[in-house]
Amino acid sequence: MTRDLTPAAHLLSAGSVEAVSVLAEEQRRRMYAFVRRAHRPVTREEAAAEAGISAKLAAFHLDKLVAAGLLTFRYDHPEAVRRVGRKPKVYEPAETDIRISIPERRPDVLAEILIDAVLGQEPGEDAQDAALRTARHRGEELGAATRARARPGRLGPERSLTLAESVLEQHGFEPDRQAPAELRLLNCPFHPLAARSPGLVCGINHAYLGGFLAGLQATGIDAVLAPHPGRCCVELRAACDDADAPGPLGGTCAREACVPAPDDPDGAR
């Protein structure tokens, strides 16, 4: 099965904000709900009758919904209606899932990892081990896909973090580059689920990001558990073999930063 490893369309973006703002208008929101309930192509005349407005004004609102990515249109007769002459413009819901979350949350990623772990659990493997193995594999897929798109060649510590920073920003981690080879992640996309089971969820997150670096073929950088209140429990840091090398890398090495996952993330975002 081919997995889509690009950020989903429903994440916080200019398009998502525009789609929600379009629905702020009451008549537009009412027509959008009507089209969704219909489960068939809807004409502007039908939408106009539902909203109690003219067909011309209904067409204006419907086209706004199309421009925002909430509806699609085509020219056809409604079902069970076949007439001679020009086919009218009909509207249907777009196959999109619009959601805005501030800060960004990605429970879908965690859910997919856990489902894959249950379906792919190996003999003699407990549930948590299956989840960690699956999370690492999922991260490796993302890293390999990123590498295939970017074709960066050999990645040293600084270039590894530069590429990782761009990808993790798209996936809601809010990366903060503290030093050339130190990347903090200010947001946990899996919160508040991490608060319910920090050992499991932080472990999955750690395995996922470690797999991402492996798939990216990043060198000199490790994903480490470094929980702090108010941010993600994982940081990306210079591996110990590279931390003492001359040059501008600096920062704390992975072994020094690594501490066990907390029993309570104490309000981690």
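I began with arginine 177, which forms a salt bridge (a side-chain nitrogen of Lys or Arg within 4 Å of a carboxyl oxygen of Asp or Glu) with glutamate 165, the closest N and O atoms being 3.2 Å apart. Arginine 177 lies in strand β4 (residues 175-179) and glutamate 165 in helix α7 (residues 157-170), so the pair ties together parts that are 12 residues apart in sequence; helices (H or I, at least four residues) and strands (E, at least two) are DSSP runs, numbered from the N terminus.

I kept in mind that this is a predicted model, in which local features need pLDDT of at least 70 and side-chain atom pairs count only at pLDDT 80 or more, while totals for chains, interfaces and linings use all residues. Residues are numbered from 1 along each chain as its sequence is written, and side-chain values use heavy atoms, with hydrogens and water left out.

For accessibility I took buried as under 20% relative accessible area, exposed as over 50% and partly exposed as in between (1.4 Å probe, protein chains only). Arginine 177 is partly exposed at 26%, and glutamate 165 is partly exposed at 24%.

I next looked up glutamate 182, which forms a salt bridge with arginine 237, their closest N and O atoms being 3.7 Å apart. This pair links distant parts of the chain, with glutamate 182 in strand β5 (residues 182-185) and arginine 237 in strand β7 (residues 234-238), 55 residues apart. Both glutamate 182 and arginine 237 are buried. Salt bridges that share partners join Glu182, Arg184, Arg231, Glu235 and Arg237 into one network.
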